[in-house]
Structure formats: structure tokens, C-alpha cells
Amino acid sequence: MKATQYLFSYGTLQNEDIQRMVLGRTLKGKSGILLGYRISQKKVHGKYPLIEPSPIKTDNVRGKLFRVSNFELHELDHYETYAYMRIEVELKSGTKAWVYVENLG
């Protein structure tokens, strides 16, 4: 794997079938916590979860932290479509990772 990036997933990217479809392999991940965010009541296409910043700093989103290559990260961008945008966050562990949030643009 070339240059490594970290990706935090709270939704469908944790699904091994989705990983195989998009990346051609399954990802080995570990549990992670994103502080200061919460699961939004809004959903993409009424089905897929979104997260949003929370005014309550102790709110958190639990998910999985994956290592992916730069190429795989771009493949995931295509999978997520225009509905999401990728931002960099810092997890409770101190690890910096990319996460997909609602694309408001």
C-alpha cells in the first residue's frame, strides 16, 4: 500500500460487502471515537447517515478507523458522491483522520 491515510467511518463504509465493491478488498479497522459530533437526524436519500458538529463537546460518534491508500481514498470519494464531502478531524485517540460529512456546497 502506498502512502497511508486514515479514514473514520460511522456508516456503510464499515460494511465488508461495500468495501469489497469499492476497493476490491476488506479493511481491517479498530474502534474509534469522534468527540464533539453527533449523528444527524438528516439522512442522505432518506437512508444513509450523516454526522454534524454538536454544541455539546462530550457528544461523540463511534465508528471504525481504517488505513487506506491515497488511491483508495479517491475511490471512496467517488463512492460517496456529491452528497458528502471529506474533512480532516482529530479522534479522541489523537489520530488525525478523514471523515465524510454532509456536503453543504
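Q: Starting with the sheet, which residue in β4 is the bridge partner of Ile 39?
A: The partner of Ile 39 is Ile 51 in β4, where helices (H or I, at least four residues) and strands (E, at least two) are DSSP runs numbered from the N terminus. This is a predicted model, its residues are numbered from 1 along each chain as the sequence is written, and its side-chain values use heavy atoms, with hydrogens and water left out. Local features need pLDDT of at least 70 and side-chain atom pairs count only at pLDDT 80 or more, whereas totals for chains, interfaces and linings use all residues.

Q: In what sense do β3 and β4 pair, and over how many bridges?
A: Strand β3, covering residues 37–44, and strand β4, covering residues 48–53, run antiparallel and share five bridges; two strands are called paired if DSSP finds at least two bridges between them.

Q: Which way do β1 and β2 run against β5, and with how many bridges?
A: β1 is antiparallel to β5 with six bridges, and Gln 5 has Val 68 of β5 as its bridge partner. β2 is also antiparallel to β5, joined by seven bridges, and there Leu 34 stands opposite Val 61.

Q: Switching to packing, which residues touch the most other members of the largest nonpolar core?
A: They are Phe 8, Leu 34, Ile 51 and Leu 76, in a core of 27 residues. Such a core is a set of buried Ala, Val, Leu, Ile, Met, Phe, Trp, Tyr and Cys residues joined through side-chain atoms within 4.5 Å. At least two core residues come from each of β1 (4–9), α1 (16–23), β3, β4, β5 (60–69), α2 (70–80), β6 (84–90) and β7 (96–102). As background, nonpolar side chains in soluble globular proteins tend to be buried together.

Q: Where is Leu 76, and is it buried or exposed?
A: Leu 76 belongs to helix α2 and is buried, at 2% relative accessibility; buried means under 20% relative accessible area, exposed over 50%, and partly exposed in between, with a 1.4 Å probe and protein chains only.

Q: What does Leu 76 touch, leaving aside residues up to four places away in sequence?
A: With that exclusion, Leu 76 touches Leu 7, Leu 13, Val 22, Leu 23, Val 68 and Tyr 100, a contact being heavy atoms within 4.5 Å. For a distance check, the C-alpha atoms of Leu 76 and Arg 86 are separated by 9.8 Å, with the two residues ten apart along the chain.

Q: Over the face of which ring does Arg 86 lie?
A: Arg 86 lies over the face of Trp 98, at 4.6 Å from the ring centre; the criterion is NZ of Lys or CZ of Arg within 6 Å of the ring centre and within 35 degrees of the ring normal.

Q: How many salt bridges are there?
A: The count is five, taking a salt bridge as a side-chain nitrogen of Lys or Arg within 4 Å of a carboxyl oxygen of Asp or Glu.

Q: Where are Arg 20 and Asp 17, which form one of them?
A: Both lie in helix α1, three residues apart, about one turn of the helix, and their N to O distance is 2.8 Å. Arg 20 is partly exposed at 41%, whereas Asp 17 is exposed at 52%.

Q: What about Glu 72 and Arg 25?
A: Their side chains meet in a salt bridge at 2.7 Å, N to O. Glu 72 lies in helix α2 and Arg 25 in the loop between α1 and β2 (29–35), so the pair ties together parts that are 47 residues apart in sequence. Glu 72 is buried, with a relative accessible area of 10%, while Arg 25 is partly exposed at 27%.

Q: And which residue forms a salt bridge with Lys 42?
A: Glu 102 does, with the closest N and O atoms 2.9 Å apart. This pair links strand β7, which holds Glu 102, to strand β3, which holds Lys 42, across 60 residues. Glu 102 is partly exposed at 24%, and Lys 42 is partly exposed at 44%.

Q: Last one, is His 78 buried or exposed?
A: His 78, in helix α2, is exposed at 63% relative accessibility. The C-alpha atoms of His 78 and Gln 19 are separated by 13 Å, and these residues are 59 apart along the chain.
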